Amino acid sequence: MPLILASGGDVLVLLEVRNLRVYFKNDAGQELRAVDGVSFTVPHGKTVALVGESGCGKSVTALAVLRLVEVNGRIAGGEVLFEGKNLLALPEKEMQKVRGKDIAIIFQEPSAALNPVYTIGDQIIEAILLHQSVSREKARALAEEMLHLVGIPEPRKRLNEYPHELSGGMKQRAMIAMALSCRPKLLIADEPTTSLDVTIQAQILALL
């Protein structure tokens, strides 16, 4: 169940999705309507849950907000208004500025989202440097702080480790730390606590 969490602000609605349609082509060339006419709003300071049976298009909807639909799919229509600006109409260069800084996403599968050839620290630091005007030293300190906040033991040591050296739960927490590191206005969390034990789940949900 994806959760969409919005920070506080002056504008009543932070995100508005209107009549979103996302289609995919199968191997036979047939077009399948994964998302067909979805509309919802996310007010400032509120959490919205997308609820439905498995395969109904919840994750595709979440990915489409950031225009991260897979190559065999396309956003066929609709609008995704963030602070009144239609994200579907932005040039890709402008969209890159939105991802991570204004809107961040916690993916359902951390192993697919983390780059296996870079350390956890490098990946979080890169995200911070991309969106914040801080030194590398400050970015590293922030990355260590975020790992501590999500409950990863020995965070300074973990900064130098690669994804394959972490357990599934630690990888999930590292990805959450990366998503939160730039303090986005909107956080999309696609089943963010699935691989975590109950105690850590409560800690992460409280942090979000």
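Reply: At 39% relative accessibility, N19 counts as partly exposed; buried means under 20% relative accessible area, exposed over 50%, and partly exposed in between, with a 1.4 Å probe and protein chains only. N19 lies in strand β2, residues 13–25. Helices (H or I, at least four residues) and strands (E, at least two) are DSSP runs, numbered from the N terminus. N19 is not a glycine, yet has a positive phi of about 50°. Most residues other than glycine have a negative phi.

The model is predicted: local features need pLDDT of at least 70, side-chain atom pairs count only at pLDDT 80 or more, and totals for chains, interfaces and linings use all residues. Residues are numbered from 1 along each chain as its sequence is written, and side-chain values use heavy atoms, with hydrogens and water left out.

R183 also has a positive phi of about 50° and is not a glycine. R183 sits in the loop between α7 (168–180) and β8 (186–190). With 72% relative accessibility, R183 counts as exposed.

Another arginine, R99, is in the loop between α2 (92–98) and β7 (103–106). R99 counts as buried, its relative accessibility being 17%. Beyond its neighbours within four places in sequence, R99 is in contact (heavy atoms within 4.5 Å) with L66, R67, L68, E92 and H131.

S59 belongs to helix α1, residues 58–65, and counts as partly exposed at 24% relative accessibility. From the C-alpha atom of S59 to that of H148, 89 residues along the chain, the separation is 28 Å.

As for the whole, the protein chain has eight helices and eight strands. Its radius of gyration is 17 Å, close to the 17 Å that the globule rule gives for 208 residues, so the chain is as compact as a globular protein of that length. That radius is taken over C-alpha atoms, and the rule is 2.2 Å times the number of residues to the power 0.38. The C-alpha trace spans about 50 × 40 × 35 Å along its principal axes. Of the 208 residues, 43% count as buried. Among contacts between residues at least 6 apart in sequence, 67% join residues at least 24 apart.

An automatic or database domain assignment supplies the domain bounds: domain 1 covers 1–91 and domain 2 covers 100–207. Their C-alpha centres lie 23 Å apart.
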